[in-house]
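Hello,

Here is the structure I promised to pass on to you. Have a look at it first, and then read on for what turned up in it.

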Amino acid sequence: MSALITFKVDNLKNMNAELKSFADFLRLSGADDDDIFASKLVSCELITNVIRHGGDEAEFTGTLTGDRIIITVSAESLKGVDISRPAPDVFAESGRGLYIVKSICCELVRGDNGQVKVVIKRH
């Protein structure tokens, strides 16, 4: 059985309120504090990238299923743009957030429709 939450973020100011609702959703679904922290960090990095680089509304979906948390972030304006390419290392000037995302997630997939999907293995 899986649980699902979706929302849209159109600016960074309302992102924190939406991520709080995601954290509450995870907590109510049985996720522990480490999983919630990792999920919020990854979500924040991906949503910020969409808004900063696409100037668009980020569409978010979070799914909790068994031992995995699946996060998908997409935007219409980013179709065909690779927003999932991480920096070569943590000290790089740009792409550091995606480097962090890649180090937390067990899977990172870019779709052709301006979408990035990541999978976090639960503790």
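Let me start with Asp35, which sits in helix H2 (residues 33-54); helices here are DSSP runs of H or I with at least four residues, strands are E runs of at least two, and both are numbered from the N terminus. Before going further, please keep in mind that this is a predicted model: local features need pLDDT of at least 70, side-chain atom pairs count only at pLDDT 80 or more, and totals for chains, interfaces and linings use all residues. Residues are numbered from 1 along each chain as its sequence is written, and side-chain values use heavy atoms, with hydrogens and water left out.

Is Asp35 buried or exposed? Asp35 is buried, with a relative accessible area of 1%, where buried means under 20%, exposed over 50% and partly exposed in between (1.4 Å probe, protein chains only). Apart from neighbours within four places in sequence, Asp35 touches Ile69, Lys121, Arg122 and His123, a contact being heavy atoms within 4.5 Å.

H2 also packs against helix H3 (residues 96-104), at an angle of about 145° and with the axes 10 Å apart. The axes are lines fitted to C-alpha atoms over the stretch in contact, and angles run from 0 to 180 degrees between N-to-C directions. The crossing of H2 and H3 is left-handed, that is, the near helix is turned anticlockwise from the far one by less than a right angle (clockwise would be right-handed). On the H2 side the contact involves Ala38, Leu41, Val42, Glu45, Leu46 and Asn49, and these meet Gly97, Leu98, Ile100, Val101 and Ile104 in H3. By class, the residues of this contact are eight nonpolar, two polar and one charged (nonpolar: Ala, Val, Leu, Ile, Met, Phe, Trp, Tyr, Cys and Pro; charged: Asp, Glu, Lys and Arg; polar: the others, Gly among them).

Now to the strands. Strand S1 (residues 2-9) runs antiparallel to S2, and eight bridges join them; two strands pair if DSSP finds at least two bridges between them. Val9 stands opposite Ala58 in S2. On S2 and strand S3 (residues 68-74), the pairing is again antiparallel, over seven bridges, and Leu64 has Ile69 in S3 as its bridge partner. S2 and S3 make a hairpin with two residues between them, and Gly66 in the turn has a positive phi of about 55°.

Rings of Phe, Tyr and Trp (its six-membered ring) pair if their centres lie within 6.5 Å; planes under 30 degrees apart count as stacked, over 60 as edge-to-face and the rest as tilted. By this rule there are three aromatic pairs. One of them, Phe22 with Phe25, is stacked, at 6.3 Å centre to centre and 20° between the planes. Phe22 and Phe25 are about one helical turn apart because they lie three residues from each other in helix H1 (residues 12-28). Phe22 also pairs edge-to-face with Phe60, at 4.9 Å centre to centre and 70° between the planes. That pair links distant parts of the chain, with Phe22 in H1 and Phe60 in strand S2 (residues 58-65), 38 residues apart. Phe22 is buried at a relative accessible area of 0%, and Phe60 is buried at 1%. Phe7, Phe22, Phe25 and Phe60 form one aromatic cluster.

For the overall picture, the protein chain has three helices and five strands, in the order β-α-α-β-β-α-β-β from the N terminus on. Buried residues make up 39% of its 123 residues.

Best wishes
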